[in-house]
Amino acid sequence: MALRKIITIGNEKLRKVSKPVTKFNARLETLLDDMVDTMRENNGAGLAAPQVGVLKRCCVVEVEDKLYRLVNPEIIASEGEQAGSEGCLSVPERLGFVKRPMMVTVKALDAKGEEIVVTGEGLCARAFCHEIDHLNGVLYVDIMDHEIFAEDLDAEDGGEQEQL
Ligand code: ZN
């Protein structure tokens with residue numbers, strides 16, 4: 001298990017557009033494994049490579065015990081809308097109110113370079129959108145409706161806040 005350091009807002013690497021992955025080798029597998037370890041260690045539901053300072057188009061998402069490793073992911077379909085709180089491991093101690101599609105289908109490659117198509121709903125759809133935004137240098141604070149402050153959180157919303 002290897003943990004990587006998560007960079008935070010203000011670091012200019014978070015604002016760069018990441019490059020497509022072209023080599024499917026042990027180095028990529030290690031990066032993805034380290035990202036899974038780092039996401040879990042920080043109780044995250046998703047993590048994109050730029051958040052660990054690597055400007056490659058890949059991310060990991062884990063929602064309800066389903067783990068996704070997505071390389072060169074692209075949203076190919078989306079449906080519906082959800083509006084709710086969203087947090088980011090790279091934007092510590094903050095939350096925003098962000099609208100996202102309710103359902104998202106993503107085409108990507110796996111760690112071996114094989115094409116996969118996955119569909120996520122709810123938090124999983126939110127995570128796919130959030131992580132793909134990271135690959136384009138976009139943070140949720142750029143697109144949020146408004147900031148959510150701790151005192152505004154009601155009981156049902158104030159419990160677990162997933163960080164992406
Ligand atoms: Zn994030």
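A pocket, as the term is used here, is an open set of grid points with protein on both sides within 12 Å along at least five of seven lines, and its lining residues have an atom within 4 Å of a point. In this predicted model, the second largest pocket is lined by Glu 93, Arg 94, Leu 95, Glu 147, Ile 148, Phe 149, Ala 150, Leu 153 and Gln 163. The space in this pocket comes to about 150 Å³. Two elements, strand 5 (91–100) and strand 8 (146–148), each contribute at least two residues to the lining, and strand 5 gives the most, with three residues.

The largest nonpolar core holds 19 residues, and Val 61, Tyr 68, Leu 70, Val 106 and Phe 128 have the most contacts inside it. Two or more residues of this core come from each of strand 2 (58–63), strand 3 (66–79), strand 6 (103–109) and helix 2 (123–135). Helix 2 provides the largest share, seven residues. Apart from this core lies another, of 17 residues, which includes Ile 6, Met 39, Val 54 and Val 60.

Leaving aside residues up to four places away in sequence, Tyr 68 touches Cys 59, Val 60, Val 61, Val 118, Thr 119, Cys 124 and Phe 128. A search of the whole structure finds one aromatic pair, and Tyr 68 and Phe 128 form it in an edge-to-face arrangement, with 5.2 Å from centre to centre and 80° between the planes. Because Tyr 68 belongs to strand 3 and Phe 128 to helix 2, the pair ties together parts that are 60 residues apart in sequence. Both partners fall under the 20% limit for burial: Tyr 68 has a relative accessible area of 10%, and Phe 128 has one of 1%.

Beyond residues up to four places away in sequence, Arg 15 touches Gly 137, Val 138, Leu 139, Val 141 and Asp 142. Ser 78, by contrast, is 63 residues from Arg 15 in sequence and 25 Å from it in space, C-alpha to C-alpha.

Note on methods
Residues numbered from 1 in each chain as written. Predicted model: local features only at pLDDT ≥ 70, side-chain atom pairs only at ≥ 80, totals over all residues. Heavy atoms only, no water. Core = buried A, V, L, I, M, F, W, Y, C linked by side-chain atoms within 4.5 Å. Buried < 20%, exposed > 50% of the residue type's maximum accessible area, 1.4 Å probe, protein only. Helix = DSSP H or I, 4+ residues; strand = E, 2+ residues; numbered from the N terminus. Contact = heavy atoms within 4.5 Å. 1 Å grid on protein atoms, 1.4 Å probe; cavity = no way out; pocket = protein on both sides within 12 Å on 5 of 7 lines; lining within 4 Å. Points joined across faces, edges and corners; volume = space filled by probe spheres on them. Phe/Tyr/Trp six-rings, centres within 6.5 Å; stacked < 30°, edge-to-face > 60°.
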